[in-house]
Amino acid sequence: MTQGYLVLESGGIFKGNWLVGENAVGEVVFNTSHNGYEEIATDPSYYGQIMVMCAPQQGNYGVDKSFWESRSLWIRGFIALDIQRSPENSQWLDRLSENGVPAIDGLDTRKLVLALREGGTQVGAMVSATSAEQAKEKSVSLINQFKEQGNKDWANEVTRKEAQRVQGAKGSGPKVAVLDFGCKENILRELIKRTSEVMVYPARTSASEILKWNPDGVLLSNGPGDPENVEVAVDTIKELLGQKPIFGICMGHQLLGRALGGKTFKLKFGHRGANHPIKDLQSGEVFMTSQNHGYAIDQDSLSGNVEVTHRNLNDKTVSGIRSLPDRCFSVQFHPESHPGPRDADALFDQFVELMQS
Amino acid sequence: MPRIEKYKKVIILGSGPIVIGQACEFDYSGTQACKALVSEGLEVILVNSNPATIMTDPDIASRVYIEPLEKEFLEKIIAIEKPDAIIPTLGGQTALNLGLELDRTGILKKYNVEMIGATPEIIKSAEDREIFNQLLRQVGAKHTRSQMVREFKQGLQVAEEIGFPIILRPNYTLGGGGGGVAFSKEEYEGMLARALGESPTSEVLVEESILGWKEYELEVMRDSSGTFVVICSIENFDPCGVHTGDSITIAPQQTLSESEYQDMRDEARKILDAVGLECGGANIQFAVDPKTKKRVVIEMNPRVSRSSALASKATGFPIAKIAALLAIGYQLDEIQNDITKSTPSCYEPALDYVVTKIPRFAFEKFIGSKDELSTQMKSVGEVMSIGRTFKESFQKALCSQEFADGFTEVEFDKAMLSSPSSQRLYQVAQAFREGLELSEVERLTMINTWFLEQVRDIIVTEQKIAQNELSPELLLEAKRCGFSDIRVAQLKGTDSQSIRSLRKKEGILPGYLQVDTCAGEFASETPYFYSTYWSEPVAIPASDKRIVIIGSGPNRIGQGIEFDYCCVRGVKQLQKMGYEVVMINSNPETVSTDYDTSDQLYFEPLNTERVLDVLDVVNPKGVVLQLGGQTPLSLVHDLVAAGIPVLGSSMETIDIAEDRSRFSKVCEGIGFEVPVSGLASDARQASSCAELIGYPLICRPSYVLGGRRMEVIENQEELARYFSKYAADISPSTPCFMDQFLEGALEIDVDVVRGKDWSLIGGVIEHIEAAGVHSGDSMGVIPPQRLPSDLLQEIEKNCLALAEKLDVIGHLNVQLAVKDDHLYIIEANPRCSRTVPFLAKAANVPLVDLGIQAMMGVAATDLDLALYDWRKMNVVCVKGVVFPFKKFPEADSILGPEMKSTGESMGRGSDYSEALMKAFISSKVKLPENGEVFLSLREKDKKVLLPVAQNLVDLGFTLSGTSGTASFLYENGVDCIPVKKVHEGRPHCVDRIRSGRVDLVINTTSGREALEASFSIRRSCTDFAVPCITEDHAAEALMLAMNKKKSGLFEVYPLQQ
């Protein structure tokens, strides 16, 4: 079998089996979810990233287009200890292959995860090579190219190019505008259940454009990359603040935080998984959440009317904020799950209530 | 919300003797809970009748009562202790049922004791099928079509409505006792009658079968503020139809899609809320139709369980400990994750490995029983293993069973694929060797495709190994696939040592990865490891204070929880002496495999390869082999050959003890006689052997297990007849064992500890049954009741002399028989014995601690040996035994030289009768207070048992008996109704027992024919839970106990006084 290597910018090199696809480069991140490889690969928030799955066996239960969280696969590469390929079922590998996503298995993912935990999220390259030396050589240029791109507005890469109208399931429900920074399909599914109409706008849509449609509220979606690099959105949100109820998720939460005057910072290796405990500071409830983020809001940067509503109990980072006067709230985690627990889906109801109040 | 302050003193109920369906997992959970609550400053009162447990060690709880887990004893304990609360959720079904009874009978109310962990209402709504099914419907969960049957006739009607196959589940039984799958009406009728008898409430749920569906289990927890977490998902390799305790299981689940899994998780949460479990742990079992994906809920247990122990070991999440803390008011986010020490306990463990559990069976012990798996649990233990992939994990688990080196080749029998058995697994692998298509194997076994693919991959790799040169790459591939060195050697026609050498030369060595609860996301300090060839070895800092203890592996009949007690106690003693202790074991049910028992835990198969691999890495100062029973001892040659320093007795000592002729020589001059024995492969050899041995003697063919065809031979004529009758079973390769039979001898168990300049008797246990019954199956008493004191002194003196002559350092267990003032030595084992924990608690001699001090070379001057004098004990303790005959309907319950009991109990009393009474009660022998006693006595016992019969009449019993017995009693002035023997026509004695008219049976027999004739008597007693005494001394003991019970004068005593 062809050898496949993952080379980290810090110099770490990991050898495994090259299964499908072409050499690739991206930010290397790990995810602790046991399941949901197809949901993860199609989540636009993973744009530009090489996904290392902590759970060793992937692809076991095949594929299903209904699991897709967007129109395509966004990950740059897929790495696990053992990826399913038998005469009966190699659907997941085929799907990666069809979508041009390279895959490596048989490498020591535990060691790799610990390296990422210790060394932090970093750029890495997946290359097929005959030796470690060759792999390093091939990687250097890939990694350099990737870094030279600089800080890009990744949300703008993955967002819809045009606004899209979706019929809601609830005739009497509110109208919701969604700012798509890389919106997961399940956010829309959750909204559709509760609303009469949903309009999904590209990431750089202006406030006036949105207000023209006169929605009852605005949802700021999840999305990839550094919130600092997202252009236009913070100004849009600032303008919408106070005019419309706003609910932010993940990137949407970080952007809302910035619009409210807060700052964001990069976490060492982020939170990616389906088992992160969050405490609702108002109700005292604790629930398991799905998470996927590399940045967080800096608590000390928040002021005025902004309250912290949720906290991550593992590292005590800010996981939810609100501003009552501005009728907005946001969470760092994913109430829409997919993958992960659905324990926080009541937040969508809360958003509907806010719009109807 | 922090701890509720009003709980200052709580009672924790244990689970009693080890039985099938309730094993040492409850020692693990109870011990964890006790430790957690004690460290919270609570006064913890522990009640358990099982002395072989760690939880009943005086160090674990504030006060320990080794007393029967029965209402009247608990009431006395509650009256003395006046606790604030009682936790019934940590001791399995036994504790749960007892808790319910204490509530129902008003005892809890009377003494103002609160039930915490689960309320009676919650227990009922989870355990009562009708209530539970109604709750399921409320939350939109599905369940199988079923109906509660309360009488036989109704049951027949229900079966017609549901259609076959049908599952029977008696209410409130443990391990699915009395349940099963019926495929036909005939089968169903028999099973229904049994099941109705088995359920304490005479209720049987008759249910639509979901045979062949995928089976899952979620281990969940909830705190009182509603935080809900799934600790572990478990998937069964065997599809529905096999009791989950008998199934091979995998964690985490492998074949559900994300949405299917989340649907299941959501449903579990709703069910927990509906049942109303406020806080604690529970497990919920599901079945999923692989075709339609339809999901049904099978059952829920609102308590810690066997699976929660497994889940704790599989994930590093200490469910029982957390459950105990939640019960006293804590919330999950207020409790730290023990493993990471940086994150809270409100999380769902993420695993970056695969865990396999394989149950261990004991069909060979129960001759006549069928190796068939169904909804009634039959396994006696289990192994767990961890690997990075399913294949690695699975093959390690196969090796952990200690009788397989992987997928051993077997003679292919296609028919075996379609009915679940303990051997089916090997047939599945063989099917792939034979070239069967996966689809066909799937059709026959109904095992999920994914699992079958994995097994097929293993066989493909096996063939690759066999057919190709063993390059380093191929060897690494084999190791990553979980192949043992032995298996690779078999495939290459070489020995395992050369594979080991090759591995070492090529640097193909296992890495040891941490079980850290979080798949590597957070740094973790807890040294809980498993081996894998998917990672490179990382050196561990050297230490000259490091000692390794090798555990005892899976529970089996003859080697169970008592050895885990020894290991755990050993760890603690070594730690006290300043050593760093490494534990190696493969049994997930145990305290020894709790990550906080030892300083380092390696969850590994206990075979030479894996043990040496660990030793290579940890590089200990010494290894302790004496604590884990026969398993570690059998490694001694390989370890010594590898240059490993073995602590205590040398290999030479161990060898001599095991070699009959060398051992006989050692015993010469000590004052012990060795029973004469011989081997004969034909009648001619037998008669010369018999001349040497003398009559009576015992004959048994060597390859027949379980004492079958064992006969006592009285003379030359009988010997000749025996050899002609069993000629087919006896040959030079399968000779017949012939042993001197010490008829009526008194058997004695002695445990000795010897140090470099000191030795000590731990205690002397006198068996209650006569010689011939395996020491593990015999009841015993300390201090001895019948042994004259001069003989006792001689025994002690001789045992110490034997220990010296054998040059024992550490433990020595000696089994003796006394007959006509002669002392016969039956065997000596230079290791901790089954009786060590019993003795430690009965006589208050910390035998394991002393053994460790002996092995570590502590001198007499540094010990206060005078403290440890078993003769100073001021109570009488009786060891009771528990048998699993109910689970093996075809097996005979007569006792013999093969051990059959699964567990033991202890009765502690101020006198012999009180101790006996408690031991019987704890062993679930009902002591009837009135009614009818049926007697069938062999000639020589009639006179002996006449006083017993008289006593029974005095107690108000009526007697019935076989004609011979009845007329003997009548002639001696005792009224007895004559009843027909089975072959004399109906209605006969078995009809009488089965009709429920008999409350106690005393049935002593000898000779094969009589044994066979009386089989149906014993079997009917087992089926109808009628105590059946088969030996005269036991009958006398039972009388003593019954008299005591009738008097009502008994007390309860804490261990710490």
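Which strands of chain B does helix α2 (residues 71-81) of chain B lie across, and at about what angle does α2(B) run to β2(B)?

Analyst: This is a predicted model, in which local features need pLDDT of at least 70 and side-chain atom pairs count only at pLDDT 80 or more, while totals for chains, interfaces and linings use all residues. Residues are numbered from 1 along each chain as its sequence is written, and chains are lettered from A, with ligands numbered from 1, in the order in which they are written.

Helix α2 of chain B lies across β1, β2 and β3 of chain B and runs at about 160° to β2(B); helices (H or I, at least four residues) and strands (E, at least two) are DSSP runs numbered from the N terminus, and angles, from 0 to 180 degrees, are taken between the N-to-C directions of axes fitted to C-alpha atoms, for helices over the stretch in contact, where contact places C-beta atoms, built from the backbone, within 7 Å.

These strands belong to an open sheet of five strands in chain B, ordered β3-β2-β1-β4-β5 with parallel pairing, where two strands pair if DSSP finds at least two bridges between them. Because β3 (63-65) and β5 (114-115) of chain B stand at the edges with a single partner strand each, one side of each has no neighbour in the sheet. Within the sheet, β1 (residues 9-13) and β2 (residues 43-47) of chain B pair in the parallel sense over five bridges, and B:Lys9 has B:Glu43 of β2(B) as its bridge partner.

Elsewhere, 41 residues of chain B are in contact with 38 residues of chain A, and α9(B) gives the largest share of that side of chain B, six residues.

Methods
Contact = placed C-beta atoms within 7 Å.
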